[in-house]
Amino acid sequence: MAKITYVEHNGTEHVIDVKTGLSVMEGAVKNNVPGIDADCGGACACATCHVYVDQAWLDKTGDRSAMEDSMLDFAEGVEPNSRLSCQIKVTDDLDGLRVTMPESQH
């Protein structure tokens with residue numbers, strides 16, 4: 001289990017215990033965290049689970065795949081620390097992870 005902090009664009013924080021093996025997106029959806037739409041359900045087929053990974057956690061969340069890069073082309077406000085939260089698998093090493101949602105997923 002990892003404690004993940006989801007930060008809405010307006011600064012509202014949601015600290016959620018997410019089960020190991022789930023994705024960061026699944027943790028948000030299962031706990032009704034606003035700001036992650038997840039229209040494709042986690043298939044890496046849209047960009048509606050776009051998040052900004054806190055700089056301190058970039059190494060632990062891994063690199064973007066080519067497919068993820070392609071999907072991020074459809075997102076607004078993409079930054080070097082942008083990720084699709086459906087592509088970040090929760091491990092015990094991610095305990096304390098902070099992600100921030102963009103202003104809009106569309």
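**View 1. Asn32 lies in the loop between α1 (24-30) and β3.** The structure is a predicted model, in which local features need a pLDDT of at least 70 and side-chain atom pairs count only at pLDDT 80 or more, while totals for chains, interfaces and linings use all residues. Residues are numbered from 1 along each chain as its sequence is written, and side-chain values use heavy atoms, with hydrogens and water left out. Helices and strands are DSSP runs (H or I, at least four residues, for helices; E, at least two, for strands), numbered from the N terminus. Although Asn32 is not a glycine, its phi is positive, at about 55 degrees. Asn32 has a relative accessible area of 67% and is therefore exposed; this word stands for values over 50%, whereas buried means under 20% and partly exposed lies in between (1.4 Å probe, protein chains only).

**View 2. Ala38 is placed in the loop between α1 and β3.** Ala38 also has a positive phi, near 55 degrees, in a residue other than glycine. Its relative accessibility is 13%, so Ala38 counts as buried.

**View 3. Five strands form an open sheet with mixed pairing.** The order of the strands across the sheet is β2-β1-β5-β3-β4. At the edges are β2 (13-18) and β4 (82-84), each of which pairs on one side only. Two strands are said to pair if DSSP finds at least two bridges between them. In general, the strands of a sheet pair through backbone hydrogen bonds, in either a parallel or an antiparallel manner. Ignoring direction, neighbouring strands of this sheet are turned by 35 degrees against each other on average; the axes are lines fitted to C-alpha atoms, for helices over the stretch in contact, and angles run from 0 to 180 degrees between N-to-C directions.

**View 4. Strand β1 (residues 2-7) is largely enclosed by the rest of the structure, because five of its six residues are buried.** β1 and β2 run antiparallel and are joined by six bridges. In this pairing, Thr5 stands opposite Val15 of β2. The hairpin of β1 and β2 has five residues between the strands, and Gly11 there takes a positive phi near 100 degrees. β1 also pairs with strand β5 (residues 98-100), in the parallel sense and over three bridges. Here Thr5 stands opposite Arg98 in β5.

**View 5. Ser82 is a residue of strand β4.** Strand β3 (residues 50-53) and β4 run antiparallel, joined by three bridges, and His50 stands opposite Leu84 in β4. Ser82 has a relative accessibility of 1% and therefore counts as buried. A polar contact of 2.8 Å links the side chain of Ser82 to that of His50; the term denotes a pair of N or O atoms within 3.5 Å, of which, within protein, one must be able to donate a hydrogen and the other to accept it, and residues adjacent in sequence count only if both atoms are side-chain atoms. The side chain of Ser82 also reaches the backbone nitrogen of Glu79, at 2.7 Å. Not counting residues up to four places away in sequence, Ser82 touches His50, Val51, Tyr52, Arg64, Leu72 and Gly77, where contact means heavy atoms within 4.5 Å.

**View 6. Ala75 is placed in the loop between α3 (66-72) and β4.** With a relative accessible area of 17%, Ala75 is buried. Setting aside neighbours within four places in sequence, Ala75 is in contact with Ala47 and His50. Ala75 and His50 are 25 residues apart in sequence, and 7.1 Å separate their C-alpha atoms in space.

**View 7. Ser104 is placed in the segment after β5.** The relative accessibility of Ser104 is 32%, so this residue counts as partly exposed. Ser104 and Thr48 are 56 residues apart along the chain, and their C-alpha atoms are separated by 8.6 Å.

**View 8. The protein chain contains three helices and five strands.** Along the sequence, these elements follow the pattern β-β-α-β-α-α-β-β. The radius of gyration of the protein chain is 12 Å, close to the 13 Å that the globule rule gives for 106 residues, so the chain is as compact as a globular protein of that length. This radius is taken over C-alpha atoms, and the rule is 2.2 Å times the number of residues to the power 0.38. Of the 106 residues, 43% count as buried. Among contacts in the protein chain with a separation of 6 or more, 65% come from residues 24 or more positions apart.
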